[in-house]
Amino acid sequence: MVGDKGNSPIMSNNVTVDVRNIGGIEETSVEFSPGVTILVGRNATNRTSLLQAVMAGLGSDDVSMKADADEGGVDITVDGTTYTQELYRRSQSVVTDGEPYLEDATLADLFAFLLESNEARRTVARGDDLRELIMRPVDTESIEAEISRLVDERKELEAELEEIESLKGKLPGLEEERTRLESKITETQEELEAKEAELEAADADVEETREEEAELEDRLAELREKRSTLDDVRYDLETERESLEALEAERRELESEYEELPETPAGEIAELDTEIGRLRDRKQRLETEVNELQNVIGFNEEMLNGAADEVFEALGTADTDGGQITDQLLADDTVSCWTCGSEVDAEQIERTVDQLRKLSQQHLSEVNDIDTEIADLQQERTELQQSQRDRERIERRLEGIEEEVERSESSVERLQERRAELTETIEQVEAEVDEMESDSYGEVLDLHKEANQLEYELGRHENDLERVEENIASLERRIETESEVERKREELSDEIADLRTRIERIEQEAVEQFNEHMDTILGLLHYDNIDRIWIERVEREVREGRRKVTRNAFELHVVRSTASGTVYEDTVSNLSESEREVTGLVFALAGYLAHEVHESVPFILLDSLEAIDSERIATLVDYFAEFADYLLVALLPEDASALPAEYERLTEI
């Protein structure tokens, strides 16, 4: 490799590329500096092959091997670290292995490696779906699944907030009940003190009744205990019944929701996975065929453009006087076949190349159709998976409710039995107390009974107050968590909004970048009667499976003006080849910036710019140089002469 660095300074972070059997290169080693590096040469001088080698070292699979080689590879050293990509011929395809610069080169293939076959450039030239290409690197399926998970989590928090709000409504009633019980306790204590004073006065007159009173006190104490226990059981029974009713209501609601969900056989999702895998395999095969066709087309075009001298010499077509038989054949509109050396009509080769182009376009069109079909199937699979997750969630909860209902029903039955036992015991004790009452000591006994009843009521009120205060404390603790729950909900809402707008942000960023840079470049390149080329984001109704949905789309507008000043809108198909190529390059640059490709790939590669004149190429190169640490450009000598001398030049490969 011969390098001419002009007046540029020697920089320490040069890139070294060692190539073996890539494209038309058998073996070479090159080094280039940061900034702009121009690969200068005529057609068929391995400039594109070197760019493909750089792509391979960076991680791209969109490369070809030397026709007579079974294996090849690239070592590329960036910032002192060497990365390797090995290539092996397997049947009709080339497979790769190693540790290249990028684990996934999808973004770089689309928006940084801008060779002639680059899909971003070709999508603009063909007028295909621009938005689909911009959004292809975004894993929308994973984003939708994450959104679904976060939405479910947010629903749980919202249900918790609704419960807290309902608890707030219960708190005033509990506080009123606490105040009422405190008043009732004070009132009962006063009544009990008065009754005990009255009983003490009566007891002084009937000392002999002490033994009977003691027995009566025992029975009354037992009665108080049983009544208090019965009150506790009744409260627990009421609470358990309320819990059971809530569980039954939740079960009915879940069963109703479950019935509304569509059936989601696991086999259907598996079939979709299989079909998606089949389509991806088909797409990969088609893309491999397109790559091979592009290589064949490019090679034949270069040969037709007069780059076959060395090949012809190798085939022995030079005459003994040093003149070229090729010139004579070309004068008769014939060429020597560079495969077998026989004479062939040039138009016949051109027709064959045209057929190959049509076949390549058909394959690319089929790839686009497959992408659309894959997207439809992925959407259908996502919906089925979400439905399946909902069914499984409801089934798990119904199982849990069933267990809770069984426990609650068992508890209700146990409490009912306990209530019956206590009621029967209390009736027996009350009967015994009634028997102990006598006419002689009836007044004293009545006082004891009344005092005992007051003590029971006081104990019940105190127990009720304790329960109410526990409930109030529990509610207050739950209510205190409201701000934390709201904070978590807001965080989830922000995360959901961020995920939902991620796609929109990328779309908007790509459109803004394209429109901004297109306006700037059109101003720099001075194309006649083109006022503006711009992209508009619009919504379109499309069919996905069995339903129609609204999807975003990109519309490319071309605005022209006549000499008289009349402004009108034109189509991309009416742009010149130069204008289409520039538009495609700017679209790729917009994707490069919108996806922040520069953060992972500090390279932009440019090739096949012959449709653009030299001065405009120079302007484009200067412009693109602002966005990448390394800009590699393959140019013809006459086009390279228009660029500044300080740009590094590589002239032999």
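A contact here means heavy atoms within 4.5 Å of each other. By that rule, among contacts in the protein chain between residues at least 6 apart in sequence, 74% join residues at least 24 apart. Keep in mind that this is a predicted model, where local features need pLDDT of at least 70, side-chain atom pairs count only at pLDDT 80 or more, and totals for chains, interfaces and linings use all residues. Residues are numbered from 1 along each chain as its sequence is written, and side-chain values use heavy atoms, with hydrogens and water left out.

The chain holds 15 helices and 16 strands (DSSP runs numbered from the N terminus: H or I of at least four residues for helices, E of at least two for strands). Of its 653 residues, 42% are buried, meaning under 20% relative accessible area with a 1.4 Å probe, protein chains only.

| Helix | Residues |
|---|---|
| H3 | 119-126 |
| H12 | 482-525 |
| H14 | 614-624 |

H3 is mostly covered, with 6 of its 8 residues buried: Glu119, Ala120, Arg121, Arg122, Thr123 and Val124. At its start, a side-chain oxygen of Asn118 comes within 3.0 Å of the backbone nitrogen of Ala120. Just past H3, Gly127 has a positive phi of about 75°.

Now for the pair. H12 and H14 pack at an angle of about 145°, their axes 10 Å apart (axes are lines fitted to C-alpha atoms over the stretch in contact, and angles run from 0 to 180 degrees between N-to-C directions). On the H12 side sit His517, Thr520, Ile521, Leu524 and Leu525, meeting Arg616, Thr619, Leu620 and Tyr623 of H14.

Terms used. Buried < 20%, exposed > 50% of the residue type's maximum accessible area, 1.4 Å probe, protein only. Polar contact = N/O pair within 3.5 Å; in protein donor to acceptor, adjacent residues only side chain to side chain.
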